[in-house]
Amino acid sequence: MKKSILLMSLAMMGLMVFTACSSSSDDKKQDVPQPTPSPSSEVTIQDAEYDAIINQYVDNVVLPTYNDLKAKNSALYQAVVAFGDAPSDANFKAICDAWLTAREPWESSEAFLFGPVADYGLDPNMDSWPLDQEAIVKLLESQQWNDMKWTGDYDEDDEAIAAAQNVRGFHTLEFLAFRDGQARTLNDKAADGEAANAVYNAGNATAWAQYMRNTAQLLVDDVTTLCDAWNNGYAEKFKSHNGGDFTSGLSCVEQLIDGCIDIAGEVGLAKIGDPYDLYVSGKTNEALYAVESWYSWHSRDDYTNNIYSIRNAYYGSRDGSINKNSLSSLVAKYDSSLDADVKKAIEDAAKAIQTIPQPFRNNINSKEAQAAMEACAELSDILENELKPFLINHTK
């Protein structure tokens with residue numbers, strides 16, 4: 001009897017132990033974190049979701065930027081005319097102030113250098129760089145102002161067109177109005193006979209004023225062409241995306257992103273990278289001349305505004321706010337982590353550029369310049385290898 005009871009007790013204890021062990025094992029299995037799908041893995045974006053983004057981008061970023069550019073270039077032209085009518089140090093400074101003001105919307109448009117601005121050669125018309133200082137001085141001496149113009153269809157490989165573009169635009173006017181980061185004066189003194197150090201003087205005063213006026217007028221003409229093209233057809237063509245280069249909402253958004261990728265790469269690799277590469281290879285003079293906007297010492301702000309053009313395109317606004325009908329809002333809806341990464345990359349690139357000691361021309365090989373190049377590369381990488389594939393792979 002006692003033996004049976006003992007056996008039964010042992011059996012029950014074994015069952016309890018088995019049960020306890022089985023329960024513990026099951027609990028352990030349940031405690032193991034199970035893989036969860038990424039927010040992006042189940043996303044299917046409808047192409048129609050892009051329409052509000054495209055409309056916001058065109059109507060509240062692209063068109064206002066170009067219209068602002070037109071108004072500010074008109075003011076720049078008036079400042080140049082006022083100088084011609086009454087040359088003075090104050091009026092030289094007024095030109096420089098107007099140039100800096102007009103420069104901002106142009107640099108803030110470089111994330112959307114597609115469409116008319118590319119088709120009509122308006123980018124190199126207005127913003128060719130580096131400058132051909134010798135050609136500018138020769139034109140100043142010859143006063144053959146028709147050499148600044150070209151006709152016919154735009155061909156980027158046409159040498160005659162390129163020659164005309166190299167003696168006009170923002171940077172030609174910058175060269176004529178600024179010197180060493182300051183407005184020129186009526187009493188400029190030449191450091192040497194190099195074309196890069198040409199100065200305004202009594203002997204060339206009339207030609208100098210006329211050159212500035214012709215350059216400012218061509219800027220007005222080019223910006224008017226650009227605004228008219230967008231306002232009178234191209235904007236609606238882009239928004240409707242029913243033919244030509246744009247056949248879907250996604251194709252328009254891809255163009256938006258491609259423009260951002262292009263300028264992020266250009267700022268890092270060309271605008272900062274080209275001078276840096278020349279400098280570290282020992283070509284210090286060539287490095288200096290490769291720095292965009294070095295006459296005005298405005299390089300850092302130019303490059304920062306290029307990054308802001310990316311921000312504006314992604315945020316759907318021009319003031320740093322994130323519009324509900326923006327690409328940022330769409331990405332945040334489906335993958336908040338990716339959206340946060342893109343926004344951080346934009347902020348980091350702008351901050352890194354502004355951290356470069358002023359002026360950039362005197363700090364080409366600085367550690368801050370290197371950091372800015374890296375930040376721009378990271379921005380370009382996330383746009384091209386994360387943002388764009390995310391949208392392509394998850395659009396129905």
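This is a selection-by-selection tour of the structure above.

**Ground rules**

The model is predicted: local features need pLDDT of at least 70, side-chain atom pairs count only at pLDDT 80 or more, and totals for chains, interfaces and linings use all residues. Residues are numbered from 1 along each chain as its sequence is written, and side-chain values use heavy atoms, with hydrogens and water left out.

**Stop 1: the whole chain**

Colour by secondary structure. The protein chain holds 15 helices and two strands. Both kinds of element are DSSP runs numbered from the N terminus: H or I with at least four residues for helices, E with at least two for strands.

Now colour by accessibility. Of the 396 residues in the protein chain, 49% are buried. Buried means under 20% relative accessible area, exposed means over 50%, and partly exposed lies in between, with a 1.4 Å probe and protein chains only.

Take the contacts between residues at least 6 apart in sequence: 75% of them join residues at least 24 apart.

**Stop 2: helix α13**

Select residues 327–334, which form α13. Leu 327, Ser 328, Leu 330, Val 331 and Tyr 334 are its buried residues. They sit on the same side of α13 because they cover an arc of only 165° around the axis. The arc is taken from the directions from the helix axis to the C-beta atoms.

What covers that buried set? Show α2 (50–85), α10 (249–280), α12 (299–315), α14 (336–355) and α15 (367–393), which are among the covering elements.

Stay on Tyr 334, which is in α13. Its relative accessible area is 17%, so Tyr 334 counts as buried. The C-alpha atoms of Tyr 334 and Ile 45 are 8.8 Å apart, although 289 residues separate them along the chain.

**Stop 3: the largest pocket**

Select Glu 110, Asp 123, Asp 127, Glu 266 and Lys 271. Of the 21 residues that line the largest pocket, these lie nearest its centre. Two elements give two or more residues to this lining: α5 (122–127) and α10. The largest share, eight residues, comes from α10.

The volume of the largest pocket is about 440 Å³. The search uses a 1 Å grid over the protein atoms alone; a pocket is an open set of points with protein on both sides within 12 Å along at least five of seven lines, and lining residues have an atom within 4 Å of a point. Grid points are joined across faces, edges and corners, and the volume is the space filled by probe spheres set on the points.

Colour the lining by residue class. It divides into ten nonpolar, three polar and eight charged residues. Ala, Val, Leu, Ile, Met, Phe, Trp, Tyr, Cys and Pro count as nonpolar, Asp, Glu, Lys and Arg as charged, and the others, Gly among them, as polar.

**Stop 4: the second largest pocket**

This one contains about 210 Å³ of space. Select Val 137, Leu 140, Glu 141, Val 199 and Asn 204, the closest to its centre among 18 lining residues. Helices α6 (133–142) and α9 (205–240) each give two or more residues to the lining. The lining of the second largest pocket splits into eight nonpolar, seven polar and three charged residues.

**Stop 5: Ser 108**

Move to the loop between α3 (89–107) and α4 (116–119), where Ser 108 lies. Is Ser 108 buried or exposed? At 4% relative accessibility, it is buried. Beyond its neighbours within four places in sequence, Ser 108 contacts Thr 65, Asn 305 and Ser 309.

**Stop 6: cysteines**

Select Cys 227, buried at 1% relative accessibility. Then take Cys 252, also buried, with a relative accessible area of 1%.

**Stop 7: backbone exceptions**

Most residues other than glycine have a negative phi, and most peptide bonds are trans.

- Trp 129 and Pro 130 are joined by a cis peptide bond, with omega about 0°; Pro 130 is in the loop between α5 and α6.
- Gln 358 and Pro 359 are joined by a cis peptide bond, with omega about -10°; Pro 359 is in the loop between α14 and α15.
- Gln 143 has a positive phi near 60°. Its loop runs between α6 and α7 (159–165), and Gln 143 is partly exposed at 41%.
- Asp 180 has a positive phi near 55°. Its loop joins β1 (178–179) and β2 (182–183), and Asp 180 is partly exposed at 42%.

Conventions. Contact means heavy atoms within 4.5 Å. On a 1 Å grid over the protein atoms alone, a cavity is a set of points where a 1.4 Å probe fits but cannot get out, and a pocket is an open set with protein on both sides within 12 Å along at least five of seven lines; lining residues have an atom within 4 Å of a point.
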